[in-house]
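Please read this briefing alongside the sequence and the model, taking each topic in turn.

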Amino acid sequence: MSQFWSKVVHQLTPYVPGEQPKINNLIKLNTNENPYGPSPKVLDALQKEAADTLRLYPDPNSDALKKAIAEYHGLNVNQVFVGNGSDEVLAHTFNALLKHDLPILFPDITYSFYPVYCGLYEIEFETVALNDAFEIRVEDYLKPNGGIIFPNPNAPTGCLLSLAEIERLLKSNRHSVVVVDEAYIDFGGESAVGLVNTYPQLLVVHTLSKSRSLAGLRAGYAVGHPELIDALHRVKDSFNSYPLDRFAQAGAIAAMQDKAYFNETCQRVIKTREHLVIELQKMGFEVLPSGANFIFARHPAHDGEVLANQLRSKNIVIRHFKKPAKIAQFLRITIGTEIECQALVEALKDMV
Ligand SMILES: Cc1ncc(COP(=O)(O)O)c(C=O)c1O
């Protein structure tokens, strides 16, 4: 607290990211990073970028990257916005498209950055409870609102909402923006990107941090109607002209273009996830159906926090959320390599 702080700073409850422990030989299954490195083509592109040209500013509009993303999704360049990680894209989205008179809606259990952005931009929000199976129910969102946002698959549950249900929501909610945060969609879900030409109120947000293994590079994007994209550019150009540096732009282009590597690594993660689910179920865990690169699981006879601490003492970190009470017994486990997941299974066998 300081007399020098702006009023809004006093009211902020900042987001707390998952821990990045500085411990050797750790099995790190806590922040949904990809266990496989980025495409070798990304590393080549980054090396080429380490050149004299670093003295020059990067392209403020990231035109080549937007073109690569537009080509990947079969869209026009004016339907694409890029940012420094999807967190920045989301931040601009809250500011540019979700700040209206009515409160915005998002699930009660969801990505915990959403209420933080509402605090920063002074946006009213209402949370909508997931059903007993921890799923989003479209009916519950059919009421007046200043906008709707949810991740698909949801985080931290991993549960997917079908494309048909998303379209049902879009058909009934035409007067405010619907943001689908598809950070984890490439691990088995059906993307809503194909709907952006039909629904001008739909914005779909993607990240290169998860399925393209580039959490360390910071690149994310949104696709939608050119008018939505224009709003994001107006905010971005009132904030930071160069959010993506030369490395981020070059690496992200190479990642979007190497489809073979992307498909292969996503399939490996999905296969390991399916195997891990079976192993955990054999031990008595209840595992929510996951379309993500993580799973959300609880054991009927063992406390979530105790299990998380015991795993940590064995050098395995997973994520445990103490709040809200509804999810306090769950462990969120990122899918690692086959070897890492096997080590997790062996460790849990000694505990449950
Ligand atoms: C649902 C969701 N959206 C967005 C992000 C942000 O990803 P990034 O800023 O790395 O692109 C995350 C990160 O964990 C997430 O879980």
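G74 sits in the loop that runs between helix α3 (63–73) and strand β2 (80–83), in what is a predicted model. With a relative accessible area of 59%, G74 is exposed, since exposed is the word used for values over 50%. Although G74 and V193 are 119 residues apart in sequence, their C-alpha atoms are 9.6 Å apart in space.

**The chain as a whole**

- The protein chain has eleven helices and twelve strands, and its radius of gyration of 20 Å is close to the 20 Å that the globule rule gives for 352 residues, so the chain is as compact as a globular protein of that length.
- Taken along the principal axes, the box that the C-alpha atoms of the protein chain fill is roughly 55 × 50 × 50 Å.
- Of the 352 residues in the protein chain, 54% are buried, and the accessible surface of the chain comes to about 16,200 Å², with 52% of that surface belonging to carbon and sulfur atoms.
- When contacts with a separation of 6 or more are considered, 73% of them in the protein chain are between residues 24 or more positions apart.
- The protein chain carries 34 positive and 40 negative side chains, and the centres of these two sets lie 2 Å apart.

**The open sheet of β9, β10 and β12**

- Strands of a sheet pair through backbone hydrogen bonds, and the pairing can be either parallel or antiparallel.
- Three strands form an open sheet here, in the order β9-β10-β12, and their pairing is antiparallel.
- The edge strands of this sheet are β9 (286–287) and β12 (331–334), each of which pairs on one side only.
- Strand β10, which covers residues 294–298, is joined to β12 by four bridges, and the two strands run antiparallel.
- Two of the residue pairings can be followed in the model: F294 has T334 in β12 as its bridge partner, while I295 has I333 in β12 as its bridge partner.
- Which residues of β12 point one way, and which the other? L331 and I333 point one way from the strand, whereas R332 and T334 point the other way, and all of these residues are buried.

**The parallel pair β5 and β6**

- Strand β5 (residues 148–151) is joined to β6 by four bridges, and these two strands run parallel.
- Within this pairing, P151 of the chain stands opposite D181 in β6.
- Both faces of strand β6 (residues 178–181) are covered, with V178 and V180 buried on one side and V179 and D181 buried on the other.

- The peptide bond from N152 to P153 is cis, with omega near -5°, and P153 lies in the loop between β5 and α6 (163–172).
- The peptide bond from A155 to P156 is also cis, with omega near 5°, and P156 likewise belongs to the loop between β5 and α6.

**Residues with positive phi**

- N25, found in the loop between α1 (7–11) and β1 (27–28), has phi near 55°, which is a positive value in a residue other than glycine.
- Is N25 buried or exposed? N25 is exposed, with a relative accessible area of 72%.
- S62, which lies in the loop between α2 (40–49) and α3, has phi near 45°, again a positive value in a residue other than glycine.
- S62 counts as buried because its relative accessibility is 3%, and buried means under 20%.

- E264 is a residue of helix α9, which covers residues 259–282.
- The relative accessible area of E264 is 46%, so E264 is partly exposed, a term that applies between the 20% and 50% limits.
- E264 and A328 are 64 residues apart along the chain, and their C-alpha atoms are separated by 34 Å.

Note on methods: Residues numbered from 1 in each chain as written. Predicted model: local features only at pLDDT ≥ 70, side-chain atom pairs only at ≥ 80, totals over all residues. Heavy atoms only, no water. Rg over C-alpha atoms; globule rule 2.2 N^0.38 Å. Buried < 20%, exposed > 50% of the residue type's maximum accessible area, 1.4 Å probe, protein only. Contact = heavy atoms within 4.5 Å. Areas by Shrake-Rupley, 256 points an atom, 1.4 Å probe, with all protein chains shown as cover. Lys, Arg positive; Asp, Glu negative; His and termini not counted. Charge placed at Lys NZ, Arg CZ, Asp CG, Glu CD. Pairing = 2+ DSSP bridges.
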